[in-house]
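User: Can you walk me through this one? I'd like to start with the helices and then move on to the cavities.

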Amino acid sequence: MTNLIDIRDVRHAYRTEAGTLPVLDGLNVSVPEGGFVAVVGPSGCGKSTLTKLVAGLLKPDHGEVWLHGEKVKSPRSTVGMAFQNPVMLEWRTILQNVMLPLEIVPNKLTKAQKQDRARYLLELVGLKGFEDKRPSELSGGMRQRASLCRALVHKPEVLILDEPFGALDAFTREDLWQIMHQVKEREPFTGVLITHDLRESIFLADKVVVLSGRPARTQYVLDVPDTGPRSLDHLYTSEAAEMLAILRHQIEVAQGRAPAEAEPETRIAPPPGSAAQGMH
Amino acid sequence: MAYVPEPVRSPSAAVGAAGAAGRSMAGFLTSRAFLAPVGAVLVFLIVWEALVWVNGWPNYVMASPSDLPPAYARYWELFLVMGWQTLWRTVVGLLVAVVFGVLVGMVMGFSRLMRDALYPLLVGFNAIPKATVVPIVALMFVGAHDFNTVLIAFMISFFPIAVSVSIGLSTLEPEYRDILRSLGASQFTVFWKIALPKTLPEFFGALKVAVTLAFIGTNLMEIVSPHGRGLGALFDSGKTNSDYPLMFAVLIALAFLGIVLYYIVVALEKIFAGWAERSPG
């Protein structure tokens, strides 16, 4: 199967007044259709730049980004985005906010169909009854759910989530992790999740890419074994503990706090079926 | 204005039928929102009257509120004609300031280069006391009294509008833009759907300041230029004829017009940017 997202040897630098600031240096990420990849790495390593490249908002200096067999040159409406800051248009109701992408992406839906689509998504994330509320009347977690609906309303092939749960409290965050699984079941998408939370990465994604410190390259790729529907209990199994230990070690390497060749101390015997392998 | 938000359905909207109109008028007249400011004005007038009476000031030192009704009664026709002249020139000056201020604000809000380039110029321009510009303008366009007055009203009032619009646009969260741009929206769509409505609260804040400034501009010109018209000229003729109650009557009339224009802006703000007002609690 071909990959839906293919990032090949991408290098990118920002030009500032102080000179060029290289942020990406040899980045390789590929995600098959329906896959869900989480990208983790030290802060400031260029993770958000990665999302802009996939969304076509930025052109890489070198290398290529392919979406569905097509080279990305400009923004395309087959992408949906949600950010840590769930920006909502305060003068619109929640329903009107969710419908916003449908006003921009060309489509043949009638107004009623657009509303039905938005209502369906809001119900899916547990926001039924809040359609006519203003964003200021919602809690942070609710706004983030609405922001997720807005990212999905035009049925994008690719969903880009840039630390969407970073600013939420632990309970709300775990709530939203489970909602993400429900949503993916009903509204299939290919996902790229930028996160700082290692537990989040192995709970949601089927592949975790660890980026090195700036300028970032792909340092390590961890495949999360498919063990059927996930529940929060999965995070407390020995398999999960082992994956987290590997990731934590890789982050320390990326931060320059641990030598690359050393094995993590808490290493547990590798479980059968988990295929953790280094890259580059 | 370009953006008209869809009305929010709320329980009170259903009650507000035509039958309730009379009741709501009576309700308004007995509400705190109406009684508090009216009470404050009454207290102000009483204190003023008392101050003049206690000090025994003759009306050429300080006219008292009780001197004013006779002045209005005597010159009511002049007040209507001159008041109208002052009003329309102020409003026209303000409208020009809105158009020009919004354009300059857009240019500075969207372009970092233009912001850096224009800011010192704007600030310097704004720092010049307009009283010094008045004679220059009066000499430049001799006889074009209406034009001169509108020009000064515009010059004195566009600055806060330009600054507020530019700040509103330049502080737009990048996520808004990214979401729309990633869907292939044009720069104009981003402006129309997000930047413009988002800037409206700042815009109306500045407009409230600009309204009173425009009044000051209009009157500066009316008072200074010879053979002027409007309330400013009426004030000037009161001065020449030593009719002190007339001068005070003009001041109060100006204050009244200022209040009326201000509340018109407040009403427009409620319609177009009412969403920005958070309900308490």
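This is a predicted model: local features need pLDDT of at least 70, side-chain atom pairs count only at pLDDT 80 or more; totals for chains, interfaces and linings use all residues.

User: Fine. Which residue just after α3(B) takes a positive phi, and of about what size?

Analyst: Gly56(B), with a phi of about 65°.

User: Zooming out, how many helices and strands does chain B have?

Analyst: There are 11 helices and zero strands in chain B. The C-alpha trace of chain B spans about 70 × 55 × 30 Å along its principal axes.

User: OK, packing. At what angle do α4(B) and α7(B) cross?

Analyst: Roughly 35°, with the axes of α4(B) (residues 68-110) and α7(B) (residues 145-170) coming within 5 Å. The crossing is right-handed. In the contact of α4(B) with α7(B), 20 residues are nonpolar, nine are polar and two are charged.

User: What about α9(B) and α11(B), how do they run relative to each other?

Analyst: Helix α9(B), residues 187-224, and helix α11(B), residues 244-273, cross at roughly 160°, and their axes come within 10 Å. Angles over 145 degrees count as roughly antiparallel, so α9(B) and α11(B) are roughly antiparallel to each other. Their crossing is right-handed.

User: Which angle do α6(B) and α9(B) pack at?

Analyst: About 55°, with the axes of α6(B) (residues 130-140) and α9(B) 10 Å apart. That makes α6(B) and α9(B) oblique to each other. α6(B) passes α9(B) in a right-handed crossing.

User: Switching to voids. How many cavities of 30 Å³ or more are there?

Analyst: Two cavities of 30 Å³ or more.

User: What lines the largest cavity?

Analyst: Residues from chain A and chain B: Val79(A), Gly80(A), Met81(A), Pro101(A), Arg150(A), Ala151(A), His154(A), Ile179(B), Ser182(B) and Leu183(B).

User: Which element supplies the largest share of that lining?

Analyst: β6(A), with three residues of the lining of the largest cavity. The elements that each supply at least two residues are β6 (79-83) and α4 (140-152) of chain A, together with α8 (174-182) of chain B. By class, the lining of the largest cavity has six nonpolar, three polar and one charged residues.

User: And which residues line the second largest cavity?

Analyst: Leu53(A), Gly56(A), Leu58(A), Lys59(A), Pro60(A), Val65(A), Val72(A), Lys73(A) and Ser74(A). The lining of the second largest cavity divides into five nonpolar, two polar and two charged residues.

Conventions
Residues are numbered from 1 along each chain as its sequence is written. Chains are lettered from A and ligands numbered from 1 in the order in which they are written. Side-chain values use heavy atoms; hydrogens and water are left out. Axes are lines fitted to C-alpha atoms, for helices over the stretch in contact, and angles run from 0 to 180 degrees between N-to-C directions. Helices (H or I, at least four residues) and strands (E, at least two) are DSSP runs, numbered from the N terminus. A crossing is left-handed if the near helix is turned anticlockwise from the far one by less than a right angle, and right-handed if clockwise. Ala, Val, Leu, Ile, Met, Phe, Trp, Tyr, Cys and Pro count as nonpolar, Asp, Glu, Lys and Arg as charged, and the others, Gly among them, as polar. On a 1 Å grid over the protein atoms alone, a cavity is a set of points where a 1.4 Å probe fits but cannot get out, and a pocket is an open set with protein on both sides within 12 Å along at least five of seven lines; lining residues have an atom within 4 Å of a point. Grid points are joined across faces, edges and corners, and a volume is the space filled by probe spheres set on the points. Angles under 35 degrees count as roughly parallel, over 145 as roughly antiparallel, 65 to 115 as roughly perpendicular and the rest as oblique.
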